[in-house]
Amino acid sequence: ATQARQALTLGLRDYFAKTGFDEAVVGLSGGIDSSVAAALAVDALGAEAVYAVSLPSEITSRQSVADARAVATNLGIEFDIMHIGPAVETIADALATNDASLAGVAAENVQARIRGSILIGIANQRDALVLTPNNKSEAAVGYCTLYGDTVGALAPLGDCYKRLVYELADVFN
């Protein structure tokens, strides 16, 4: 896992150097994938070049937001919280006018897509690139939302199976 960390860090640093960008934006959920992606970004770019944002909705646990804040604090990176509840309500209201409801997987996917749109908007404002925290295991079984969780210029964990993500977390810790 140490060798994988070095390779992933080198790949990230090289990608940013070749594209001319010097800041990464990470949607930090408090989960292991986004935490490891943020840690890799700090390794590659330095803490001053990583901006993390938590995008909670009404169903997001307080613990998730607290975990995201703790990761950002431990990494020494800039961190903000942007509540997406009003955006979710707006879309739910629009769907309701057409007798469609926003529930279950549909509601989860809309929230992921709202998060993706916000992250891209932030990156555009900051002249930065979004890193998506997807890993190979979740992508293989479709456990990610197109135009939502998959939004980003680069997936540093895209070739990593979930087991390696856990091993990387152990190396960082």
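Because the model is predicted, local features were considered at pLDDT of at least 70 and side-chain atom pairs at pLDDT 80 or more, whereas totals for chains, interfaces and linings use all residues. Residues are numbered from 1 along each chain as its sequence is written, and side-chain values use heavy atoms, with hydrogens and water left out.

The largest nonpolar core comprises 29 residues, and those with the most contacts inside it are F16, L28, V36, I77, L131 and L157. Two or more residues are given to this core by each of α1 (2-19), β1 (24-27), α2 (32-45), β2 (50-54), α3 (62-75), β4 (129-131) and α7 (162-172), and α2 gives the most, with eight residues. A second, separate core of 16 residues includes Y51, L55, I114 and L119. Here a nonpolar core is a set of buried Ala, Val, Leu, Ile, Met, Phe, Trp, Tyr and Cys residues joined through side-chain atoms within 4.5 Å, while helices (H or I, at least four residues) and strands (E, at least two) are DSSP runs numbered from the N terminus. Residues are termed buried under 20% relative accessible area, exposed over 50% and partly exposed in between, with a 1.4 Å probe and protein chains only. In soluble globular proteins, nonpolar side chains tend to be buried together.

S35 lies in helix α2 and counts as buried, at 14% relative accessibility. Beyond residues up to four places away in sequence, S35 touches L28, G30 and V71. A37 is likewise found in helix α2 and is buried, with a relative accessible area of 0%. Its contacts, leaving aside neighbours within four places in sequence, are L131, P133, P156 and L157, and the C-alpha atoms of A37 and A169, which are 132 residues apart along the chain, are separated by 9.7 Å.

Helix α2 also packs against α7 at an angle of about 55 degrees, with the axes 10 Å apart, which makes α2 oblique to α7. Axes are lines fitted to C-alpha atoms, for helices over the stretch in contact, and angles run from 0 to 180 degrees between N-to-C directions; angles under 35 degrees count as roughly parallel, over 145 as roughly antiparallel, 65 to 115 as roughly perpendicular and the rest as oblique. The contact is made by I32, D33, V36, A39, L40 and D43 of α2 and by K162, V165, Y166, L168, A169 and F172 of α7, and these residues divide into nine nonpolar, no polar and three charged. For this division, Ala, Val, Leu, Ile, Met, Phe, Trp, Tyr, Cys and Pro count as nonpolar, Asp, Glu, Lys and Arg as charged, and the others, Gly among them, as polar.

Helix α4 (residues 85-96) and helix α5 (residues 104-126) pack at an angle of about 125 degrees, with their axes 10 Å apart, and α4 is therefore oblique to α5. A87, V88 and I91 of α4 and V110, Q111 and I114 of α5 make this contact, whose residues divide into five nonpolar, one polar and no charged.

In the loop between α5 and β4, D127 has a positive phi of about 55 degrees although it is not a glycine. D127 is exposed, with a relative accessible area of 54%.

Conventions
Contact means heavy atoms within 4.5 Å.
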